[in-house]
Protein chains: 2
Amino acid sequence: MSPSSLDELIDALRGLPGVGPKSAQRMAYHLLQRDQRGAERLARALGNALAVLCHCERCNTFTETEICQRCASPQRDASLLCVVEMPADLAVIEQTHAYNGLYYVLMGRLSPLDGIGPRELKLDKLLARVADNTVQEVILATNFTNEGEATAHIVAELLAARGVKVSRLSRGVPVGGELEHTDTGTIAQALVERRPL
Amino acid sequence: MSPSSLDELIDALRGLPGVGPKSAQRMAYHLLQRDQRGAERLARALGNALAVLCHCERCNTFTETEICQRCASPQRDASLLCVVEMPADLAVIEQTHAYNGLYYVLMGRLSPLDGIGPRELKLDKLLARVADNTVQEVILATNFTNEGEATAHIVAELLAARGVKVSRLSRGVPVGGELEHTDTGTIAQALVERRPL
Ligand SMILES: [Zn+2]
Ligand SMILES: [Zn+2]
């Protein structure tokens, strides 16, 4: 008995990650009842983002231009290329102010269960990017999850086969971390990867 | 450094209830990277719902027609009017198949902290609805939360002042419920509202 346009909106909201039937319903009621301007704004933002956003030809992140500002910047050290999973990871590394190289954003990670293999991740594009001979070292900064580690492993193999120098972010006890409150897997890794002083 | 159309989409998604900055970002990436058709569908569903949905003149629920199908149905007992907070509450009562009267949907509850008083709830519309003289009894089925109880209280007072018979859903131990696993407040209420056998 509920109007089809309402059902369609609830269905469309259910397509968002992490949104089940109850919250889709709550979102629809909220937008229609309390925040029609928010609903208009969301519809407009979706349409606009779909129309103007594309992937940077060099680093693959979202951009509104063929090549993003960062890749076009002469201030960046083009000999270093840091590979991350998502733009959010790139943002965290930028916040450290400890890196001035360039990036490549995979826009995902290998995830066989979700049907995301090397082809879906378009690793060809990364290999073509690295083939320009200005890149001297690729730093793998995928997450230290199972999927992120598997992704780093495959990317490292592909790059090594092409004679590219590859490194990985170090693992270990977090800065300021107390051993007592650090998981044993991390401590074991910090022992294996101990550094001479 | 991130494109403004992406920031605008993330901002618009943050306006959804229960969506924080992290999940808004995850939703935006998902829509743009993995589900562009879902994004188009959501934009279209929002525009369509905003364009065609209105509130039923009689019961106040969402409808695409002036008067919704349920209110227009001759099969319904027009002498009974059940007042609920939201369309989802109406749906639950319909699922019982224990009620064949009509409804009035408040589309909210009194919530002084959120600035929702009797005026924002448009209780005038409910009073006008009841004034048609076919309604013999109003059953208050707002939630048994603090806000729902306060709403029921105010609505009951307004209706009683107009000489309308008002009732409230009963409270007590849930059907199939074990006393041992029922909260003491509910048991206390079930004692106070005990029924003669
Ligand atoms: Zn770029
Ligand atoms: Zn109606």
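Hi everyone, thanks for coming. Please keep in mind throughout that we are looking at a prediction.

Let me start with the metals. Which atoms hold the zinc ion called ligand 1? They are the SG atoms of A:C56, A:C59, A:C68 and A:C71, at 2.3 to 2.4 Å. The four donors subtend angles of 104 to 120 degrees, and that makes the arrangement tetrahedral. For those of you who think in reference geometries, the ideal angle for four tetrahedral donors is 109.5 degrees. Along the chain, the donors of ligand 1 follow the spacing C-x2-C-x8-C-x2-C. This brings together distant parts of the chain: A:C56 is in the loop between β1 (54-55) and β2 (62-63) of chain A, while A:C71 is in helix α4 (residues 69-72), 15 residues apart. A:C56 has a relative accessible area of 0%, so it is buried. A:C71 comes out at 10%, and because the cut-off for buried is under 20%, A:C71 counts as buried too.

Now over to chain B. The zinc ion there, ligand 2, is coordinated by the SG atoms of B:C56, B:C59, B:C68 and B:C71, at 2.3 Å. Angles of 104 to 118 degrees among the four donor atoms give a tetrahedral site, and the donors of ligand 2 are spaced C-x2-C-x8-C-x2-C.

Next, the core. How many residues does the largest nonpolar core have? The count is 68, and the residues with the most contacts inside that core are A:L9, A:L46, B:L9 and B:L46. Take B:L46 as an example. Leaving aside residues up to four places away in sequence, B:L46 touches A:L9, A:L31, A:A39, A:L42, A:A43 and A:L46. As background, nonpolar side chains in soluble globular proteins tend to be buried together.

On to the rings. Over all chains, the structure holds four aromatic pairs. One of them is A:Y29 with B:F62, whose ring centres are 6.0 Å apart and whose planes meet at 25 degrees, so this pair is stacked. A:Y29 belongs to helix α2 (residues 21-34) of chain A and B:F62 to strand β2 (residues 62-63) of chain B, so the pair joins two chains. A:Y29 and B:F62 are both buried. Another pair, A:Y99 with A:Y103, is edge-to-face, with 5.2 Å from centre to centre and 65 degrees between the planes. A:Y99 and A:Y103 are buried as well.

If you like cation-over-ring contacts, here are two. In chain A, the charged end of A:R168 sits over the ring of A:F144, 4.0 Å from its centre. In chain B, B:R168 lies over the face of B:F144, at 4.0 Å from the ring centre.

Finally, a backbone detail. Which residue other than glycine has a positive phi in chain A? That is A:N133, at about 75 degrees. A:N133 is in the loop between α6 (123-130) and β5 (137-140) of chain A, and it counts as exposed at 67% relative accessibility. B:N133 also has a positive phi, near 75 degrees. B:N133 is found in the loop between α6 (123-130) and β5 (137-140) of chain B, and with a relative accessible area of 66% B:N133 is exposed.

Terms used: Residues are numbered from 1 along each chain as its sequence is written. Chains are lettered from A and ligands numbered from 1 in the order in which they are written. This is a predicted model: local features need pLDDT of at least 70, side-chain atom pairs count only at pLDDT 80 or more; totals for chains, interfaces and linings use all residues. Side-chain values use heavy atoms; hydrogens and water are left out. A nonpolar core is a set of buried Ala, Val, Leu, Ile, Met, Phe, Trp, Tyr and Cys residues joined through side-chain atoms within 4.5 Å. Buried means under 20% relative accessible area, exposed over 50%, partly exposed in between (1.4 Å probe, protein chains only). Contact means heavy atoms within 4.5 Å. Donors are N, O and S atoms within 2.8 Å of the metal (3.2 Å for Na, K and Ca); water is not among the atoms, so sites may look incomplete. Four donors count as tetrahedral if all angles lie between 85 and 135 degrees; four count as square planar and six as octahedral if opposite donors are over 155 degrees apart and all others between 65 and 115; anything else is irregular. Helices (H or I, at least four residues) and strands (E, at least two) are DSSP runs, numbered from the N terminus. Rings of Phe, Tyr and Trp (its six-membered ring) pair if their centres lie within 6.5 Å; planes under 30 degrees apart count as stacked, over 60 as edge-to-face and the rest as tilted. A charge sits over a ring if NZ of Lys or CZ of Arg is within 6 Å of the ring centre and within 35 degrees of the ring normal.
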